[in-house]
Every structure is written in C-alpha cells, then in structure tokens.
Amino acid sequence: MLTAVAWPYANGPRHIGHVSGFGVPSDVFSRYMRMSGHRVLMVSGTDEHGTPILVQAEKEGLTTRQLVDKYNRVIAEDLQGLGLSYDLFTRTTTGNHYKVVQDLFLALWRNGYVQSKVQMGAISPSTGRTLPDRYIEGTCPICGFDGARGDQCDNCGNQLDPVDLKNPRSRINGEVPKFIETEHLFLDLPAFTESLGSWLSTRTEWRPNVLKFSQNLLDDLRPRPITRDLDWGIPVPLDGWRDAPMKRFYVWFDAVIGYLSASVEWARRTGDADAWKEFWTDPAQAYYFMGKDNIVFHSLIWPSLLLGQNGAGDKGGTPGAFDTLNLPTEVVSSEFLTMSGSKFSTSRGTVIYVGDFLKEFGPDSLRYFISAAGPENQDTDFTWDEFIRRTNFELANEWGNLVNRSVSMAHKNVGAIPAPVAPTAADAELKALAKAAFATVGDNLRRSRFKAASSEAMRVVAAANKYLSDEEPWKRKDDPERRDTILHTALQVVSDANTLLTPFLPHSAQKVHELLGGKGVWAAQPELREVDDLDDPSISYPVLTGDYAGEQAAWESVDIEVGKPLTKPEPLFAKLDPKLGETGPEWAPIA
Ligand SMILES: [Zn+2]
C-alpha cells in the first residue's frame, strides 16, 4: 500500500490547518493499515521550488538554498514531533528527485504528450522580472469572481491563464502586468480526456464530491504549462532548454512527481533500488491525502502524467523508464480548518504553528482533535474551547481516567493482572463489545472516516466506564474474587481500547502498553536522520524515516496475561485550564 502525502511548501513553518489536511489523516490511515498486516510505504517531503520561495528568501535576507534548508528542517522536525510515521520524508532539491522528474518528463515527451508553444507571459513593468501566475489577480473570465488568481480561480475551481483575467493586477505591488511573448512547454491535457474519463468511471468508491468535481472538469481540459521563466527549479532535459538559465519546470510539475521520486529514493536507501516497484504496481493500492485545494492535481493532473508515462493516454505510446505505474486508488481530501470562519492566514495573524502547539500541548491531543473534530467533510472552525473540551472531557476524563482507575486498583490490590473467576453476563457483554469494535472501527479507518472511527473507539471507553460505575469494584473488599474478575475485565477492555486508539494516539498508546506490563515498542515513531544526498555526497539533509516493521501493535484483541506485573500509573493526559478557551495561549492570543 502506497500512502502518498501532499508535500508541504517550504516557505515557512506549517500551521495546524496544514497538518489537519495532509498530515494526521494520512498517518492514522497508515498506522491502521500496518496494524492490519499490510506493507505500507508512506512518502512525502518538502516542496522547495517556485517563486514564493524566492519571494520569501528575499524577505528574510537569505539565499534560496538557505531558505529551503531552514524550512525543510523546521517542517521535518514538526512532523516528527507529531509522530507522522513516514517511511521517507525528503525534499524536492535532491539529485534523485531531479533525475526522476527529468526521466518522467522524457517519457511524456517521447509519447507526444508535451507541446511547445509561444505564449504571453507577464512581467512586472517596474522590475522587468517575470510575474508568476499566482502573483497576478483579477476577475475570473468564467464565473466573474473578483479574487481569482492567475493560475486558478478558487471560486469555480477552473484553471486559468493570467492573460484571460479581467482587470489583471500584481499582488505584490498592485501594478498592471505587461505581457510579452515567451516559449513554453505544455502538457497536452486534452489528449487524456478519454483515458481519464474511463478511469474515473471505475472510481466508484471515491467520495462523491471529489468524483463529481473531477468529472466536471473533464470536458474543459486545456493544455497546461509545465515550464516557467525562472532560475530556481529543475532544468528541462532537451537540447536548447537544458542550459537556458531562465527555463525551469513549473513547481507543480516537479512537486507532484515527488511521490514517485521519494519512493525511488527510499528504495535506493534500503539497498534494493527496485524495492519501490512493489508499491507502484498491482496488486498494491495507492492512497493520496491532501487538502481540498489540491484535488485537481491528484484526481486529474497526476493521473495524466502517469498515463502519459505509461503510454496509456488517448494517443497511446510505450511505457517510459518506470514501466507501468499504478494510478491513484483513492484521493482522500480534507476540507479546511478555519479560524473564526476564515482560512488560517499568516498575514491576518490568525495562525497557530505546529511547533508552538506541540511545545505546549504535545502531539496526541492535536492528533485526536483533528481526527475527532477536524475538517473531514466540511470546513471546520478551530476554537480553543472545543480543543479544551475534547482534551479535558474525552481524553482526560473518559480515556485517561478509565486507564488510571483500572490499573491503579489492580496495582494496589494485586500488583499484577488479576485472575478472573466465574465471569458474569455483564463481563462477557463488555468484552464482546470491545472485540466487535475492531471490525467497525477498522472498516471506518479503511475508508478514511476518521470521525466515525474515533467515536466508535470512544464508545468502548464509555461502555467500560459505565461498567466500572455499575460494578463498583472499589466496594468489593469482602469479595476479592469478584473484585479481581471485574478488574480483569476492565483491564482487558483497556488493552483492546488502547489498540483501537493506537492509530490516533500512538504516543499515549505506548505508555498504556507499558502500564499493562508490556515491553518493547508498541507503536513506532519516526526518527530524524542526517543523510548524504545519494548523487552528491557533499550535500546532506535531514529525512524522516523509521523502523515500523518492528512494532508490536496489531489490529486484534489480545488476551491479557494473568500475573503480568502492573506499573503504578500517572495521569495519561494533563487537564487544560478552561480559561485558555477565553484567552488562547500567549503565543496565539484570541483577538
Ligand atoms: Zn471562477
């Protein structure tokens, strides 16, 4: 199973809106799949080319290289802190990525899916520099929306050409751009209309909004530029282009190929350079995770590049350097996490950075919030009140308290997992409920229904708390056999619930595993490793990777072992001060 996670852009630290779209959902999914016995390859990296990088470097007084080095590291550290279990989290400025992008391009070129055209390109009249599409805004020629960007209209979702915008203006300084002639390469998207259409018609399991959105765009596919006038990016491997200093692949084109290049890099680092192939060909499945503004790249554009590489677009052809590659099995998109109804925005000050958040609250409460209350199906407002409520009532009161009181009582009275004697119907009923949850929670996770999955898992926790309140083991001093039987039942269900919650709460799941007397790694965590560039040992960079095959967590109920020594528990989750809901933390005060 390939888990392909959208690439965070390296022009700044990422905020919690970003990781609620691509990060946490993909990790919960991958952890569940590994626990169910699948071999998973989870890849991504930082997206480091394109004009916004240049703009930000200028702002910070850094070279482009210094800027991407800085934010590649910040982002990799944040994702590690969040416990995202990448097999490889790399970057787009590696020698390996350059080579894979150029090889894939050559297959498209040879199969006739790339055309050269002279088009009108915008420059800034005051500086003479190229003005990239996304730095031009104006009125959408299709829907009339006034905030349309040169590359895309966020209102109607159509791809645009900046020259077609009405009232175009520069978003940098407001001036009217000047359009001049320049030669560029275009992906011949209309040459995939039939092949994309018949492939999309087989995607019956996709969320209906994603499928409809993609099918609606099919009728109006237009050639899309894959090169830019820019000196920061990957050179085009064709005579006349290779050495042109201002012709580079467009950042979207190179970034989307990152899924493949990261897989190839991972394989090369394992010592088996072909190991990536098993994750890109049948019967492997490919799941792509992203925010909704990226759907079109994963449901139409990346599939077109794959079809073209495979020689399977409407014009046919022969497979390129990568033979025949799988198209996406599933495109899982999240809606936006908003703040006071608007998108998180650095410029408006409504931003909560992942690093700040982790420092104060740790990873699992954020992972849980995103899973249980995140923007899975609709834009969702982040409020500190709701975050505190979820943390205090669901994690601390419900789950933390269940673990704490069952383990404490058993530890105090027996010191180990007690033996059950003559279980009652109530005992059997609770244990059966927990066992049955593996199927329902698992089925929801398989379909990326994280809200339903987490609430089904928490139902087991609630049932166990009710059971303890009904059975009152603390009042059974005169009947230690019954008390021990109740505690045994409760601990069995704590063990099962811990397994069910492991994909959401991998850090606290490790602690619960140890409280129950477990040894070794229950849920493995990613490591940040310094590595040399595979093609240029003079360059080194950090990657996220990990040894997940060694973890013990498996998606099944395991009988607890009578007599196994227990550890005296400390609270699993610290309760947050409700006042935080009114003020927000110091580093992100509520306005
Ligand atoms: Zn529009």
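Where does Arg203 lie? Select Arg203 to begin: this residue is in the loop between helix 5 (193-200) and helix 6 (208-218). Helices (H or I, at least four residues) and strands (E, at least two) are DSSP runs, numbered from the N terminus. The structure is a predicted model, in which local features need pLDDT of at least 70 and side-chain atom pairs count only at pLDDT 80 or more, while totals for chains, interfaces and linings use all residues. Residues are numbered from 1 along each chain as its sequence is written, and side-chain values use heavy atoms, with hydrogens and water left out.

Arg203 has a relative accessible area of 18% and is therefore buried. Buried means under 20% relative accessible area, exposed means over 50%, and partly exposed is in between (1.4 Å probe, protein chains only).

**The zinc site**

Next, select the zinc ion together with Cys140, Cys143, Cys153 and Cys156, whose SG atoms coordinate the zinc ion at 2.3 Å. Donors are N, O and S atoms within 2.8 Å of the metal (3.2 Å for Na, K and Ca); water is not among the atoms, so sites may look incomplete. The angles subtended by the 4 donor atoms run from 104 to 115°, and the arrangement is therefore tetrahedral. Four donors count as tetrahedral if all angles lie between 85 and 135 degrees. The ideal angle for four tetrahedral donors is 109.5 degrees.

Along the sequence, the donor residues follow the spacing C-x2-C-x9-C-x2-C. Cys140 is in the loop between strand 5 (136-139) and strand 6 (148-149), and Cys153 is in the loop between strand 6 and strand 7 (166-170), so this pair ties together parts that are 13 residues apart in sequence. Both Cys140 and Cys153 are buried.

**A cis peptide bond**

Move to Asp282, in the loop between helix 8 (258-270) and strand 12 (286-291). Pro283 belongs to the loop between helix 8 and strand 12 as well. The peptide bond from Asp282 to Pro283 is cis, with omega near 5°. Is Asp282 buried or exposed? Its relative accessible area is 66%, so Asp282 is exposed. Select Asn326 too: its C-alpha atom is 7.0 Å from that of Asp282, although the two residues are 44 apart along the chain.

Then select Asp323, in the loop between helix 9 (295-310) and strand 13 (330-334). Phi of Asp323 is near 55°, a positive value in a residue other than glycine. Asp323 is partly exposed, at 47% relative accessibility.

**The annotated span and its helices**

Finally, select residues 417-518, which UniProt lists in an unreviewed entry as "domain: Methionyl-tRNA synthetase anticodon-binding". Such annotations may be inferred rather than shown by experiment. The span is 75% helix and 0% strand, and its end C-alpha atoms lie 12 Å apart.

Display helix 14 (residues 450-471) and helix 15 (residues 480-501), whose axes come within 9 Å and cross at roughly 170°. Helix 14 is therefore roughly antiparallel to helix 15, a term for angles over 145 degrees. Axes are lines fitted to C-alpha atoms, for helices over the stretch in contact, and angles run from 0 to 180 degrees between N-to-C directions.

End at Glu472, in the loop between helix 14 and helix 15. Phi of Glu472 is near 45°, a positive value in a residue other than glycine. With a relative accessible area of 27%, Glu472 is partly exposed.

Key
Tetrahedral: all angles 85-135°; square planar, octahedral: opposite > 155°, others 65-115°. Parallel < 35°, antiparallel > 145°, perpendicular 65-115°, else oblique.
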